[in-house]
Amino acid sequence: MRILSWNINGVRTLPQYHPWNTFKTFREMLTHLQADIVCFQEMKTSRNGLDRNIAVPVPFDGYFSFPANKGGYSGVAVYTDSRTVTPLKAEEGLSGTIQPKPPLSQDERISRHYPCANEMNLMPDEHGNEPSELTSFDGEGRALVLDFGLFVLINVYCPNETSDSRLPFKMNYHFMLQERVNKLINEGRDILVVGDINVCATPLDHCDGHLASNAATFYDHPARAWFRDWLAPNGCMTDVVREFWPCRKGMYTCWNMKICARETNYGTRVDYILATRGILPWIKHGDIQPSIKGSDHCPIYVDLHDEITIDDGTKLRLSEVMPRPTDDKTAAAPRLAARCWDEFSGKQTLLSAFFSKGARVSTAAGASDSSSPSGSPSASPPQASAISSTSNTALNAPDAVLQDRTESLDLANPLMHESRSPTAESSKGKSTGAIKTSVAAEQEKIPIPSKPPTGPPKRKLTDVPVARTKPNKKLRHAGGSSAAGTGTLDAFFTTPQSSQPSQSQSRPSPPQSQSQTNNDPLASDYDPLSPNADYQLALRLSLCMDEDIPCAPGPSQTAGADSHTTPLVKSAMEPSQCRSSSGSKAAWSKLMAPVEPPKCNVHGEPAKLYTVNKPGPNKGKTFFLCSRPVGPGYDKGKGERPRDEVDHRYRCNFFKWASEVRREASSTSSSSLTSASSSQQ
């Protein structure tokens, strides 16, 4: 028999990792762990958010403890394979004050005595007040107690010390756990305590425990001192996994994923399986499973012997001293089991049952059968005639309607709003005929509704408003003004030159042959007075840069036809400027490219970008750190680690805000653009 413990850091985030994302059900995940008793910590869910797939993964029985007030926080669970083992009793919490409805009877309780705050030496809070009751410590869903006959299993998730004010809560919870174990020992029971204790037992269990600065003051922390006194040889509990690996280094079970500490095994061992002396003969082996991913913790386990021989020579089998499943599983399971809850035992209808997929399918199927006996949709003759008349109306619409609609679509897209060539005008009739043909071809594919429409009639095709264009006030020539003042994209980076008015302002541009238009990709109509002048200019510049070809003048760019063209546009369209665009292209590429990461001071390697997720004024900001992974003796800074203990093989203390890096890159790009602009002039 195998007993496994794992802090999964959220039951809903587990399927995001491999191999858990390859399984379709939660039952398959439990089966993959190959354990008879599976203990989870940090479920981070609630009873209302627990679906049947997780609550009742047959043949496993689930037992849960949820926080009373905080949703998606803490929470523990125990799954037992009903084919091999079934608990006799189950309780939630350590104080005995958390009871289901109706409360547990005396026969359903595991112990006769429970911890009492008046009998314990508790730590006062920051205001000097000692707790007078223990119910508040059980309100976060941190413990489950199950009686298996041979031993009492306690699955626990001890609090973490997130701040100094949290230390009294953490220590008092440890005291309550120890007192509950002592009460059970006094009743003659053997106990297995599994879970996340959130304490390092020895310096060997800490990644920096070997450093002189940490080893000297390791047990100064009250939680570590308490844990040392509770474990053998000082106390009554035995660290089972360490018993099999007494001198093993790097046997860590938790890593800081924010700094990628698992890559270099820079972690701690805070997950344990503790046992009293009476259960030790049954334990066959114990170890950790660091190769299993899915959380910032890894699983730990112990295997039990199937048979042992006691001192008097009597052989005891595990199947004889532990309860086996019976035929009536519902009656044998404790009332705390999830399959005994009203919502999963058929006594209460869930709200989700009204919106299940099966209900929709059956309803849709019934409606389909009632509408058509043959199973296929059909329409009555009046409905068919109405649809036919509507289609004929659309087919008999004048060509002008389709033409106006096409023009309105063209006007909606400024890139399509160009002067129409005679070829395009002549093909308009063909396009209209093609549209009529396509509409007639698609008439047979129109689905026939089973009922006539009841809403307001749809707007006809002739009701589609035609888009209207208004002249741009900025482009009006009033008082001899020209478009020279119109800003273009390149005007922000190039110094404008003095403008020389042309004498042939009103002379039209000579016609351009169609063959020349097709052969020259840059010979498109360019209108400096158009609202899309910036886009057309950028398109021509990009073609010059990418293809390295000279810019041929278009029809509106010939001599005497560009009186309204700015000198900036003229210079951009000169062939000599297109040929010497390598400097401008490099400047543009440098401007639009992402910011290059800086190099750290110690290793000279590109730094790595991080984002601040902690609530506060800096949340969302980005910064750069040394890209090397953390490891024993990595540089935390002069104030946190002595210089003689720094190992430069790991991360250095380089830090720089991304905004500062962008500011430096922006100043460099501005100087590059200025030099490129000067070379073009």
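Arg 180 forms a salt bridge with Glu 91, and their closest N and O atoms are 3.2 Å apart. A salt bridge here is a side-chain nitrogen of Lys or Arg within 4 Å of a carboxyl oxygen of Asp or Glu. This pair links distant parts of the chain, since Arg 180 lies in helix α3 and Glu 91 in strand β5, 89 residues apart. Helices (H or I, at least four residues) and strands (E, at least two) are DSSP runs, numbered from the N terminus. Both Arg 180 and Glu 91 are buried; buried means under 20% relative accessible area, exposed over 50%, and partly exposed in between (1.4 Å probe, protein chains only).

The model is predicted: local features need pLDDT of at least 70, side-chain atom pairs count only at pLDDT 80 or more, and totals for chains, interfaces and linings use all residues. Residues are numbered from 1 along each chain as its sequence is written, and side-chain values use heavy atoms, with hydrogens and water left out.

The salt bridge count comes to 24. Another of these joins the side chains of Arg 166 and Glu 140 (3.0 Å, N to O). Arg 166 is in the loop between β7 and α3, and Glu 140 is in the loop between β5 and β6, 26 residues apart. Both Arg 166 and Glu 140 are buried. Asp 208 forms a salt bridge with Lys 636, with the closest N and O atoms 3.9 Å apart. The two partners are 428 residues apart: Asp 208 is in the loop between β8 and α4 (212-215), Lys 636 in the loop between β18 (622-625) and β19 (655-657). Asp 208 is buried, at 2% relative accessible area, whereas Lys 636 counts as partly exposed because its relative accessibility is 36%. Salt bridges with shared partners also join Asp 205, Asp 239, Arg 242 and Arg 269 into one network.

Strand β5 belongs to an open sheet of six strands, in the order β5-β6-β7-β8-β12-β9, with mixed pairing. Two strands pair if DSSP finds at least two bridges between them. Strands of a sheet pair through backbone hydrogen bonds, either parallel or antiparallel. β5 (89-92) and β9 (238-239) each have a single partner strand, so one side of each is left without a neighbour in the sheet. β9 pairs with β12 (residues 271-275) in the antiparallel sense over two bridges, and the bridge partner of Thr 238 in β12 is Ala 275. Helix α3 (residues 167-186) lies across β5, β6 (143-147), β7 (152-157) and β8 (191-196), and runs at about 180° to β7. Axes are lines fitted to C-alpha atoms, for helices over the stretch in contact, and angles run from 0 to 180 degrees between N-to-C directions; contact means heavy atoms within 4.5 Å.

Next come the nonpolar cores. Each is a set of buried Ala, Val, Leu, Ile, Met, Phe, Trp, Tyr and Cys residues joined through side-chain atoms within 4.5 Å. The largest has 46 residues, of which Ile 37, Phe 151 and Leu 153 touch the most other members. Its largest share, three residues, comes from β14. A second, separate core of 35 residues includes Ile 110, Phe 137, Val 152 and Leu 167.

His 297 sits in the loop between β13 (283-288) and β14 (300-304). His 297 counts as buried because its relative accessible area is 3%. Leaving aside residues up to four places away in sequence, His 297 touches several others, including Trp 6, Asp 196 and Arg 262.
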